[in-house]
Each structure stands twice: as C-alpha cells, then as structure tokens.
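Look it over before reading on.

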Amino acid sequence: MTERTTLEIIAPTVEEAISQGLVQLGLTADAVSVEVLDAGNKGLFGLGKPQVRVRLTVVPKGGSNTVETEPVAEPKKEAKRLEPKSKPSPASDAGVEQNQDKPAPMVEAESQPEHDPLLDHTEAVISKMLYLLNLEAQVSAHYGTKERDGRRNIQVDIRGKDLSVLIGRRSETLGAFQYVASLIVGKETQQFVQLVVDVEGYRDRREKQLLQMAQRMAEQVSKSGRRQTLEPMPSSERRVIHIALRDHPDVKTESTGEEPYRKVVILPKDS
C-alpha cells in the first residue's frame, strides 16, 4: 500500500492504466475515483505510440467513484468507465502483509492527511515528462528527512517497464532528468525545490554497491600502503564514498579532476 492517496499512471490505454494503479494501491475499482488527465496523444515531437495519463484517488467510505476526463481540443469518443476483469492483488514490493479479513486499504486511506499541493504538482510534472518521453511508469512523491537547514527534499519514486534508458551511463541521464524536473517544479511553484528521483530502487542498489566498493578498496589501501583511484562518479556518489570512509582508522579520501570526470582517491592517512 502506498503512502499517498493519489497515484498517476501512464499506459497505452485507460483500462491498462487503471489496472496498473489498482495493483499498486492494492484496491478494487469501487474503492477509487479515476480521472483521465490525458486521453492519449503521440509522444515527444509527434513520434511514438499514444499514451494516456490517469489519476487514481482513494475514495473515503461513503464516497462515490467516478471516471473523469479532461476537456480536449478535438472531439473524441466519451471515455467509458472501465474496470479490470479480475481483482488485482497488492503490489509485490509493498513490503506489508495484509490480513484479507480486514479492510486494511480503506482504513489506511482514512488516516491519510489532505493532499499536499507541492507533492501533487511534483507528481504531475514528472508524469508529464515521462509521457513526453513515451515511457510507461507510475510516479509517487513524498517528503524526505529534514536537512540541517530545516528543508526537506522531495523523494520521487518511478516504477515501470523498460526504464533503464532513464538511468543512463553512470546515472548521468537520471541526474539530468532530476535537475530539469527540479527546475520546472521550482519555477512553477515559485519556491526552491530539491527533488531526489529514483527509478525502480536504483539509488538504493547503487549505494549498497558503493559502500561495498569503498570498504574493499580501503582494505587494499590499508594493506598495500598505496593509494587507489576510483572511477569517475557524480557528486552524489562521491559523497557516499567520503561519508563511508571518513571515520576509517587507516585511510582518508579526497576528490580530484574536473566534472564530469571527477574521481575519489583513497589514500593512507599517514601519506
């Protein structure tokens, strides 16, 4: 079950978008209202297959669910209310066991606070960017932990099929996507916004790899007494290495080179 009471889905058809959303939310069709944000146009520069964008909102007890569509410039067939043929099961990566005898999804939805306009707008911007790239994905945004200055960044989780193109080599594409999205959201909301965009849990997996590599290379430096230079990394990944080894008894770290080829060097403390 997601932390949010709304979810935006991009898919080839309205029916597929609704089915994907219900699977992620772990709900049935009568527990949500559906709004068709985009009835389906060609992708960026008019290329690619049409995609629709749908928003699912959890309906409180006693509410009614509807399927709404945005007005479009050209007349189109009226969108029909569509329901999946079978009841979807909860998302496999939700990490929460649910008792089938209890209406857990509805109870959780009732306890949610009102929609946060900034989070809703962030999800809308990211969804639109993915739509223009002809990528099918589900977008969810929530606030991260507070920084020292009291600000909280916005964590954006993107899940879908064939999203490796959004990560790119050394996560350069993901970094650029994150930067552009932060600029757009900040400009449109007239405030500083720092987004941290993740794709299919890539950042967590990458951080674990970096931590393992940092410890392995530190051990080599400690035993050999010779410095080791790591591969070029973006600043966020270099920071992981620096933090991981800052309290190491035998080694220290420093960065060298110019972007985008800046690297971390691990060297003995007595050098």
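Predicted model: local features only at pLDDT ≥ 70, side-chain atom pairs only at ≥ 80, totals over all residues.

The questions below go from the whole chain to helix packing, then to strands and single residues.

Q: What percentage of the residues of the chain count as buried?
A: A residue counts as buried under 20% relative accessible area. The chain has 271 residues. The share that counts as buried is 39%.

Q: Among contacts between residues at least 6 apart in sequence, what percentage join residues at least 24 apart?
A: The contacts taken here are those in the chain between residues at least 6 apart in sequence. Those joining residues at least 24 apart make up 64%.

Q: Are α3 and α4 parallel, perpendicular or oblique to each other?
A: Helix α3 covers residues 117–132 and helix α4 covers residues 172–189. Their axes lie 10 Å apart, at an angle of about 130°. Angles over 145 degrees count as roughly antiparallel, and 65 to 115 as roughly perpendicular. The two helices α3 and α4 are therefore oblique.

Q: Is the crossing of α3 and α4 left-handed or right-handed?
A: Two packed helices are described by the angle between their axes and the distance between the axes. For the crossing, the handedness is given as well: α3 passes α4 in a crossing that is right-handed.

Q: How do the residues of the contact of α3 with α4 divide into nonpolar, polar and charged, and how many are there of each?
A: From α3 come L118, H121, T122, V125, I126, M129 and L130. They meet F177, V180, A181, I184, V185, E188 and T189 in α4. The contact divides into 10 nonpolar, 3 polar and 1 charged.

Q: Which strands stand at the edges of the open sheet of 3 strands?
A: The order is β8-β10-β9, with antiparallel pairing. An edge strand has a single partner, so one side of it is left without a neighbour in the sheet. The edge strands are β8 (228–229) and β9 (251–256).

Q: Which residue in β10 is the bridge partner of S255?
A: β9 and β10 (residues 263–268) run antiparallel and are joined by 6 bridges. In β10, the partner of S255 is V264.

Q: Which helix lies across β9 and β10, running at about 160° to β9?
A: Helix α5 (residues 202–224) packs on the sheet and touches β8, β9 and β10, but the angle given for α5 is about 40° with β10. The helix at about 160° to β9 covers residues 235–245. That helix is α6.

Q: Is E219 buried, partly exposed or exposed?
A: E219 is in helix α5. Its C-alpha is 8.7 Å from that of V251, 32 residues apart in sequence. Relative accessibility is 43% for E219, which is between the 20% and 50% limits. E219 therefore counts as partly exposed.

Q: How far apart in space are V32 and T57, C-alpha to C-alpha?
A: V32 is in strand β2 (residues 32–41). At 2% relative accessibility, V32 counts as buried. V32 and T57 are 25 residues apart in sequence. In space, C-alpha to C-alpha, they are 5.3 Å apart.

Technical notes
Residues numbered from 1 in each chain as written. Heavy atoms only, no water. Axes fitted to C-alpha atoms, helices over the stretch in contact; angles between N-to-C directions. Helix = DSSP H or I, 4+ residues; strand = E, 2+ residues; numbered from the N terminus. Parallel < 35°, antiparallel > 145°, perpendicular 65-115°, else oblique. Left-handed = near helix turned anticlockwise from the far one by under 90°. Contact = heavy atoms within 4.5 Å. Nonpolar A, V, L, I, M, F, W, Y, C, P; charged D, E, K, R; others polar. Pairing = 2+ DSSP bridges. Buried < 20%, exposed > 50% of the residue type's maximum accessible area, 1.4 Å probe, protein only.
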